[in-house]
Protein chains: 2
Amino acid sequence: MDFHTELNKKIKLVDDALEQLLPTAETNPVTIHQAMRYSIFAGGKRLRPILVIAAAEAVGLEGQKVLPVACALELIHTYSLIHDDLPAMDNDDYRRGKLTNHKVYGEGMAILAGDGLLTLAFQLMAQKDGNGYNNEKALLQVISEVALAAGTMGMIGGQVADIEAENTVIDGEALRSIHARKTGALYRASLRSGAILAGATQKQLEALTKYAEALGLAFQITDDILDIEGDESKLGKKVGSDIKNNKATYPALYGLENSKKMAAQALEEAFEALASFGSEADLLREIAKYIIKREN
Amino acid sequence: MDFHTELNKKIKLVDDALEQLLPTAETNPVTIHQAMRYSIFAGGKRLRPILVIAAAEAVGLEGQKVLPVACALELIHTYSLIHDDLPAMDNDDYRRGKLTNHKVYGEGMAILAGDGLLTLAFQLMAQKDGNGYNNEKALLQVISEVALAAGTMGMIGGQVADIEAENTVIDGEALRSIHARKTGALYRASLRSGAILAGATQKQLEALTKYAEALGLAFQITDDILDIEGDESKLGKKVGSDIKNNKATYPALYGLENSKKMAAQALEEAFEALASFGSEADLLREIAKYIIKREN
């Protein structure tokens with residue numbers, strides 16, 4: 001399998017589904033739908049929806065059949081970025097080289113656009129007909145797990161802990177706990193959602209959960225490294241902001257070289273978790289490699 | 001049935017369930033859970049959850065069994081108030097006589113507390129075990145309908161339209177359309193959720209939907225009237241803000257006396273919609289009366 005061909009095929013699948021599932025820019029009230037579409041089509045990597053699809057395929061279900069849930073995970077990720085960028089939070093003017101949502105549509109509309117995306121995510125997941133399969137129990141479990149991962153015990157809680165940790169000294173365990181919630185929980189929910197919808201066995205579900213946790217860690221360490229060594233033109237944002245903002249990061253706590261070793265070790269753990277899967281999990285293996293080699 | 005005894009019993013049922021279903025104020029990260037609890041326990045009338053319960057009982061299901069969905073509707077209502085009060089939206093310092101969420105916890109935390117309540121609402125609805133019944137299909141339909149009602153085609157869309165209508169001249173139809181979305185959609189979803197969970201027939205569901213629409217209209221007209229004739233100490237907010245903000249209201253468009261007639265007519269329609277129900281719908285009848293006689 002050529003990874004980049006396969007990846008681009010999946011990205012197109014997700015982009016087409018998002019195009020179809022989001023209200024058009026002409027739907028009333030038009031402003032909010034334009035604001036929602038602006039951030040959804042602002043150049044995201046579609047990592048979470050692709051993980052949903054890849055997990056389903058690793059267990060043996062055609063990826064096409066989990067598209068509404070896959071898109072829901074992207075909507076939740078995007079809403080969290082819109083709200084995190086607000087002046088009352090991180091106060092960022094740019095994201096992926098483009099103006100942030102509130103810089104284009106104003107703060108009030110950006111808050112509502114985030115609310116709209118979060119709400120639409122749950123609507124998409126609950127639309128049984130759109131999901132192309134027939135397991136209502138699995139769908140309820142997915143909604144429950146995604147809500148838990150996105151909520152105050154997961155992503156939102158991580159963001160709160162991150163804000164509260166600013167300008168304080170935290171240790172490695174606290175750092176890991178913040179990221180496990182702020183970004184890790186949604187990766188975990190993505191993998192588990194695809195697996196649950198595909199009817200994974202308990203053993204398969206546990207293996208994919210381990211993979212997700214290792215992947216989340218590798219992703220975060222790489223993110224911290226890119227903020228030091230990355231190329232601003234490829235990242236679409238300024239580097240050095242973590243140091244400037246006095247943020248706790250893996251390189252700050254463990255040093256740059258040790259951080260790279262930790263990322264490589266997390267990659268190994270991700271591979272090991274997939275040991276009982278055959279070639280149908282190759283996409284998940286390639287994604288893990290890509291996560292730590294990426295340039296943006 | 002003594003209405004106020006019955007109403008207070010239901011309020012206690014909902015309050016106890018909310019107390020149990022929300023993370024405690026000691027749950028980490030504590031700040032956000034305190035912020036969520038602050039607004040949830042700030043003196044709301046619990047109208048939406050009581051409508052869920054009353055609709056279920058009108059169709060013959062014990063109200064206790066729909067408590068998680070009933071509480072979810074209150075969470076969604078409360079999140080929308082927290083976000084609407086923000087400086088970037090209505091910029092209100094007080095709500096129900098208490099400081100608004102962002103005045104106590106700051107804007108960033110208020111945004112996240114709203115996000116947390118919205119997310120928790122869907123988590124509660126998807127928790128089959130908590131709901132005390134066994135119909136997964138009905139639960140998925142409820143999640144789907146609630147999301148649609150709370151989203152950009154419902155409540156959020158109404159808020160956007162309301163903001164965009166400020167300082168413009170709108171007609172009665174536009175005013176009705178704004179309120180049908182901004183507040184009406186969630187009443188409608190409350191009634192329908194209770195009915196769907198109770199296994200309502202198509203005819204029962206249609207009747208309760210008509211009741212909900214009439215009730216929503218009566219509520220809004222009364223709200224507008226209270227902003228003119230209400231008692232500030234009972235309302236917990238200043239009157240006259242609609243006129244000050246040059247807002248389109250029923251009294252502004254139709255005059256105060258005509259507005260009162262319209263509210264009474266909506267009340268009649270609500271009663272008529274319940275004609276095929278017996279005494280098990282008495283609570284719904286009393287609620288409709290209470291809606292237009294209320295003082296806050």
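The structure is a predicted model, in which local features require pLDDT of at least 70 and side-chain atom pairs count only at pLDDT 80 or more, while totals for chains, interfaces and linings use all residues. Residues are numbered from 1 along each chain as its sequence is written, and chains are lettered from A and ligands numbered from 1 in the order in which they are written.

Two copies of a chain are related by a rotation about an axis and a shift along it.

The contact between the chains takes 41 residues from chain B and 41 residues from chain A, where two residues are in contact if their C-beta atoms, placed from the backbone, lie within 7 Å. On the side of chain B that touches chain A, at least two residues each are supplied by α2 (30–40), α6 (107–126), α7 (136–150) and α8 (155–165) of chain B; helices (H or I, at least four residues) and strands (E, at least two) are DSSP runs numbered from the N terminus. The largest share of this side, twelve residues, comes from α6(B). By class, the side of chain B that touches chain A has 22 nonpolar, 13 polar and six charged residues. In this classification, Ala, Val, Leu, Ile, Met, Phe, Trp, Tyr, Cys and Pro count as nonpolar, Asp, Glu, Lys and Arg as charged, and the others, Gly among them, as polar. Because 100% of the interface residues of chain B are also interface residues in chain A, the copies meet through the same surface.

Two packed helices are described by the angle between their axes and the distance between the axes. Axes are lines fitted to C-alpha atoms, for helices over the stretch in contact, and angles run from 0 to 180 degrees between N-to-C directions. The axes of α6(B) and α7(B) come within 9 Å and cross at roughly 160°. That angle makes α6(B) roughly antiparallel to α7(B) (angles under 35 degrees count as roughly parallel, over 145 as roughly antiparallel, 65 to 115 as roughly perpendicular and the rest as oblique). The crossing of α6(B) past α7(B) is right-handed; a crossing is left-handed if the near helix is turned anticlockwise from the far one by less than a right angle, and right-handed if clockwise. Phe122(B), Met125(B) and Ala126(B) of α6(B) meet Leu139(B), Val142(B), Ile143(B) and Val146(B) of α7(B). This contact of α6(B) with α7(B) has seven nonpolar, no polar and no charged residues.

Helices α10 (residues 202–229) and α15 (residues 282–293) of chain B pack at an angle of about 20°, with their axes 8 Å apart. α10(B) is therefore roughly parallel to α15(B), and passes α15(B) in a left-handed crossing. Tyr211(B), Leu215(B), Ala218(B), Phe219(B) and Thr222(B) of α10(B) meet Leu284(B), Ala288(B), Ile291(B) and Ile292(B) of α15(B). By class, the contact of α10(B) with α15(B) has eight nonpolar, one polar and no charged residues.

Most residues other than glycine have a negative phi, and most peptide bonds are trans. In chain A, the peptide bond from Asn28(A) to Pro29(A) is cis, with omega near -10°, and Pro29(A) lies in the loop between α1 (3–21) and α2 (30–40) of chain A. In chain B, Asn28(B) and Pro29(B) are joined by a cis peptide bond with omega of about -10°.

Arg46(A), although not a glycine, has a positive phi of about 60° and is found in the loop between α2 and α3 (47–59) of chain A. Arg46(A) is buried, with 22 other C-beta atoms within 10 Å. A residue is buried if 20 or more other C-beta atoms lie within 10 Å of its own, exposed if 12 or fewer, and partly exposed in between, with C-beta atoms placed from the backbone. Asn167(A), also not a glycine, has a positive phi of about 60° and lies in the loop between α8 (155–165) and α9 (172–197) of chain A. With 9 other C-beta atoms within 10 Å, Asn167(A) is exposed.
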